[in-house]
Amino acid sequence: MSLFRAETRRLTKRRFTKFSVLIALIVLGLIAGGTAYTHAKASAETRATAEAQAENEWKDQVRFAEEAQQECQKDPSKYGGNCADITPPSRDQISADQFMTPQFDFREDFPAMVIAWAALLALVAFVIGASFVGAEWNSGGMMNLLLWRPQRLQVLSTKLSALLTWLFGLSLVTGAAWTGLFWLIATLRGTTEKMTSGAWQSLGLTGLRGLGLVLVAGAIGFGVASIGRHTAAALGAAIGVIVVFQFGLAIVLELARARFYEAYLLPAWIGAWMAKSYEVVDYNAPCDFSATEGCQQPVFTITWQMAGSLFAAVSIIIVGAAMWTIRRRDIT
Amino acid sequence: MTAVLEISGLRKIYRSRKGVRKALDGFDMVVETGQVHGFLGPNGSGKTTTLRTLLGLIRPNDGRMAILGQPVPDRLPQVAGQVGAIVESPQFFGNFSAETTLSLLADAGGVNRLRVPAVLELVGLRDRAKERVKTYSLGMKQRLAVASALLKEPRLLILDEPANGLDPGGIREMRTLMRDLSDSGMTVLLSSHILGEIQLICDSVTIISAGRRVAAGSVSEVLASHTSSTVRVRLEPGVDMLGAAELLRTAGAAITMEKDHFTVGNASNPAQITKLLAERQIYVSELTPVSADLEDVFLELTGTAPVDGTNRQVDQVVAKGGWGQ
């Protein structure tokens, strides 16, 4: 327990940890501020003003169409020779909503904000996890620690536990603050209607999946940096994955007209995990013509269970490899 | 006297694409309780590999080790609390202060954090304890390393080059500290290149060369058993000293001329000197061995004495034969 306490203290005291969390909080603050700034609560007055603007706009459009019709009659070549196509919009095509600052609808809009929170925290978790063990290896701090606690697996697993516990706490605190902040935004500049218990449950599950993503990112960053004994190993691996798998592989698979090529790319799996499912459409496949719906391309659905299994397997393999290498290697 | 540390037949082989290198080749060492034991060897001889292996950082290929009677590395977790160690250069996370570094180690090792100010005081870092380690000089980092090793009040203290980077005052303080710790009952294993220091403060020494033990015992025993093969030769007044020296040099002796005498540096059998000179009717008035210090013994045993006109490489041992055998 003393080692766990020491490692938690070490993680909290690191300037890199404080700096990363501060950057994340600033970015989250900017997102929240931007959302608040670009949304406004609808009132009877704002709706009446918008209705009037929509009415004026429709009248303008009708007048423009009539003028264009008259000009077309004089010289049809200016309008492609077909004056019948010039028709004014119907009244219902110009709604008052187009002239109103949008409301922040908590039920509709907040799930996307949960995904943004989870993605940002996962990034922070990856770099903090990598730096936490990478800097220790690089500075010789790990060797020093092993002189005090010559139990390699216990030391590394305690470090990882401290990291994951700390990330869990950070996610919980920021997640609660994030929800509260957007509830406030929705109350002041939107609506919190239709938040049934089912909606809260769904939101809670999205948040839990976000928490899972954060922990997986932290564990993978930690594991790769420990295998490479340097923070840069994890960051290099991450850049390599992005360049090779996200850009290189995407281009190669597209050129090769591979089937469901998007399923080989990480964003599809992260999307499936956070949004419960992700549909990969095979645009390279021949059309399956339907009498009612036309060309139907085959679809492969990645479920959150499939994505979760993949992330769990990758985490176990990387952390397992980190444990195996620390157990076997000479520490010089 | 009981042994605090025992190493027997320790082997460590490094394999790489460039070949196989024996870092330790059946090395033995015994350190008795309450002693300050010097551990000497040239660069690359296996000193640090021995200490790292002993402390569980490197896996040996063969051999037995025991600390405080417990076999290591199997029982190392049980004895680690009684062993304070610094290995090679001091290594700490640069952005933490000395105080934070030590308090984190105290937490990790289950030591009371109240020990931290005491050890910082002991090594002279009290007033700089709140500064970040990366602002420290090498000598200050060395003091911090010693403080970290002393934090758990060990029964066995292992220090690898503790005087590295210290100023002369710091070296003297370190020497006094070692002696005080030893007097308080702590056993100190001290690896160092400063042979004068070792000779001053150590009760016993082990000398390692090319991964093997080449000498061990109390300092006086080691000096006595490896007496210098250098002898001082003084002739009767008026005798041609230059001619006599040339005669011996022709026979293979390593002559160094002094004002009123000369020395023969490789006189394994001094009788040859008197014999050769007597055959030419030259009689010596003084033929005395030149007493060796630890540096002479070290250079002789490890074969690392500089040779004029050559650049000795690390791992290179120069075989030194005696003249007149």
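Let's start with a sheet in chain B: four strands in the order E12-E13-E11-E14, open, with antiparallel pairing. Two strands count as paired if DSSP finds at least two bridges between them. Strands (E, at least two residues) and helices (H or I, at least four) are DSSP runs, numbered from the N terminus. At the edges stand E12 (255-257) and E14 (284-289) of chain B, each with a single partner strand, so one side of each has no neighbour in the sheet. From one strand to the next, the twist averages 20°. Angles here run from 0 to 180 degrees between N-to-C directions, with axes fitted as lines to C-alpha atoms, for helices over the stretch in contact.

Before I go on, a word on where this comes from. This is a predicted model, where local features need pLDDT of at least 70 and side-chain atom pairs count only at pLDDT 80 or more, while totals for chains, interfaces and linings use all residues. Residues are numbered from 1 along each chain as its sequence is written, chains are lettered from A and ligands numbered from 1 in the order in which they are written, and side-chain values use heavy atoms, with hydrogens and water left out.

Back to the sheet. How many bridges join E11 and E14 of chain B? Five, in the antiparallel sense, with E11 covering residues 231-235. Val231(B), for instance, has Pro289(B) in E14(B) as its bridge partner. Helix H9 (residues 241-250) of chain B lies across E11, E12 and E13 (262-264), at about 160° to E12(B). Helix H10 (residues 271-279) of chain B also packs on the sheet, where it touches E11, E13 and E14 of chain B and makes about 165° with E14(B). Contact means heavy atoms within 4.5 Å.

Now, where do the two chains meet? In chain B, 34 residues are in contact with 29 residues of chain A. Together the chains bury about 2700 Å², 56% of it on carbon and sulfur atoms. Buried area is the accessible area (1.4 Å probe) lost when two parts are put together, summed over both. On the chain B side, Leu57(B), Phe93(B) and Ala108(B) lose the most area to chain A, together 22% of what that side buries.

Next, salt bridges. Side chains of opposite charge can pair when their charged atoms come close. The cut-off is a side-chain nitrogen of Lys or Arg within 4 Å of a carboxyl oxygen of Asp or Glu. One example is Arg5(A) with Asp107(B), at 3.7 Å from N to O.

Within chain A, Arg47(A) and Asp97(A) form another, with their closest N and O atoms 3.3 Å apart. Arg47(A) sits in helix H3 (residues 44-74) and Asp97(A) in the loop between H3 and strand E1 (104-105), so the pair ties together parts 50 residues apart in sequence.

Last, a record: an unreviewed UniProt entry lists residues 114-139, 160-186, 206-225, 232-253 and 306-326 of chain A as "transmembrane region". UniProt positions use the numbering here, feature names are shortened, and annotations may be inferred rather than shown by experiment. In the model, residues 114-139 of chain A are 100% helix, with end C-alpha atoms 37 Å apart. Residues 306-326 of chain A are 100% helix too, and their end C-alpha atoms are 31 Å apart.
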